[in-house]
Amino acid sequence: MVKHLRNPPVISLTPSSLRFLDQTRLPAEEIVVETADYRRVLEAIRALRVRGAPLIGIAAAYGVTLAARELFATTSSDPHAQLRVVCDQFAATRPTAVNLFWALERMRGIIDRTADAAGLVSALETEARILHEDDARRCAAIGRHGMEVLPGSGGVITHCNTGALATGGDGTAFSVLRAAHRAGKNIHVFADETRPLLQGARLTMWELKRAGIPSTLITDSTAAMLMRQGRVQAAITGADRIAANGDSANKIGTYGLAVAARHHGIPFYIAAPLSTVDMDIASGGDIPIEERAAEEITDWGGRRIAPEGVPCYTPAFDVTPAELITGIVTERGICAPPFDETLRALFP
Ligand code: MRU
């Protein structure tokens, strides 16, 4: 079922369904999908109707909850085994954002520990809600810590979408922008359009406008020139996976932005919750990078723009090496280089 609502929730679980905003339709249409079928959540994550590292994890946790409701409403054999298969299906949707695997690990833990079939549905639902609320608290803390690094006045550039549409709360990098603006800092945000799916133009500009933060949309290729003109005093983005040494995977184009920032002597920050840090991966070279369908760059607005049959290379993310990152803003404070030491110190 699809609904038009006045104040659409980004994602919310009801007693009978999951509601989520279809982000592929923004900003033209604010359409909420309402479904009790976890298969639609799988499709929504793959198709980027629901996207952004922390939000993918939250959506998967709610999706597993829907599957549990469905399995226990019918008399299925070995529901625990079937739910583990559902977790594997969610894990196969998108490879880069580690928050997905982190959230699914928590859901698998509940499945392993809860033998009682009736108790399992409510235990999974509770865990999914905890993940969601916990992420909102992390976002708020990231905003509080991160606003300190932004200038009292000046231009701040960002890439992709890192706001409420990407998380369970106010966002990661976006939460920092919002907190700085609320605290009275006179910042002007430059949002990269973020080729090819335009999360910056469609989603970040939508959120900046709603938040009343002064902002300008630019093409990705305008960033370096803007820096040379002296109009950018800081850069801040989110991340989809941060390796133990601080190398950070984020939307394709982030690496180029960081290179340009270094060339112009502009500080470059990453903002992310610790659920985005993968201490099992030593450096960025081991982060799996999702490749998307060729049509995402050969077609535009439903129309073919590249010649038929051209070879395409379509990584959805790139890795910014730690040496280009000035600081990593987390919910527990700001890490400075060397990140292998400062990140490790934040983990118990
Ligand atoms: O492909 P997407 O839209 O899911 O990519 C999202 C990003 O790259 C964000 O910058 C990232 O998830 C970090 S912010 C929450």
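Which residue in S3 is the bridge partner of Ile-11? The bridge partner is Phe-20. The model is predicted, so local features need pLDDT of at least 70, side-chain atom pairs count only at pLDDT 80 or more, and totals for chains, interfaces and linings use all residues. Residues are numbered from 1 along each chain as its sequence is written, and side-chain values use heavy atoms, with hydrogens and water left out.

Strands here are DSSP runs of E with at least two residues, helices are runs of H or I with at least four, and both are numbered from the N terminus. Two strands pair if DSSP finds at least two bridges between them. Strand S2 (residues 11–13) and strand S3 (residues 18–21) run antiparallel and are joined by three bridges. A hairpin of four residues leads from S2 to S3. S3 also runs antiparallel to strand S4 (residues 31–35), through four bridges. Here Leu-21 stands opposite Val-32 of S4. The loop between S3 and S4 holds Pro-27. A cis peptide bond joins Leu-26 to Pro-27, with omega about 0°.

Two further backbone features lie in loops. Pro-337 and Pro-338 are also joined by a cis peptide bond, again with omega about 0°. Pro-338 sits in the loop between strand S17 (333–335) and helix H11 (339–344). Leu-48 is not a glycine, yet has a positive phi of about 65°. Its place is the loop between helix H1 (38–46) and H2. Most residues other than glycine have a negative phi, and most peptide bonds are trans.

Four strands follow the order S12-S9-S10-S15, with mixed pairing. Strand S12 (277–278) and strand S15 (317–320) stand at the edges with a single partner strand each, so one side of each has no neighbour in the sheet. S12 pairs with strand S9 (residues 241–243) in the parallel sense, over two bridges. Ala-243 stands opposite Asp-278 of S12.

A cavity is a set of points where a 1.4 Å probe fits but cannot get out. A pocket is an open set with protein on both sides within 12 Å along at least five of seven lines. Lining residues have an atom within 4 Å of a point. Grid points are joined across faces, edges and corners, and a volume is the space filled by probe spheres set on the points.

The structure holds two cavities of 30 Å³ or more. The largest cavity contains about 190 Å³ of space. Its lining counts 23 residues, with Arg-51, Gly-52, Ala-53, Asn-161 and Asp-240 nearest the centre. Helix H2 (53–73) and strand S10 (248–251) are the elements that give two or more residues to this lining. H2 gives the most, with three. The second largest cavity holds about 70 Å³. Among its lining residues are Pro-54, Trp-102, Asp-134 and Ser-275. H5 gives the most to this second lining, with four residues.

The largest pocket has a volume of about 310 Å³. Of its 15 lining residues, Pro-196, Leu-197, Leu-198, Arg-202 and Glu-296 lie nearest the centre. Helix H7 (199–211), helix H10 (295–298) and strand S13 (299–300) each supply at least two lining residues. Domain 1 (11–140) and domain 2 (142–346), with bounds from an automatic or database domain assignment, each give at least three residues to the pocket lining.

Key
1 Å grid on protein atoms, 1.4 Å probe; cavity = no way out; pocket = protein on both sides within 12 Å on 5 of 7 lines; lining within 4 Å.
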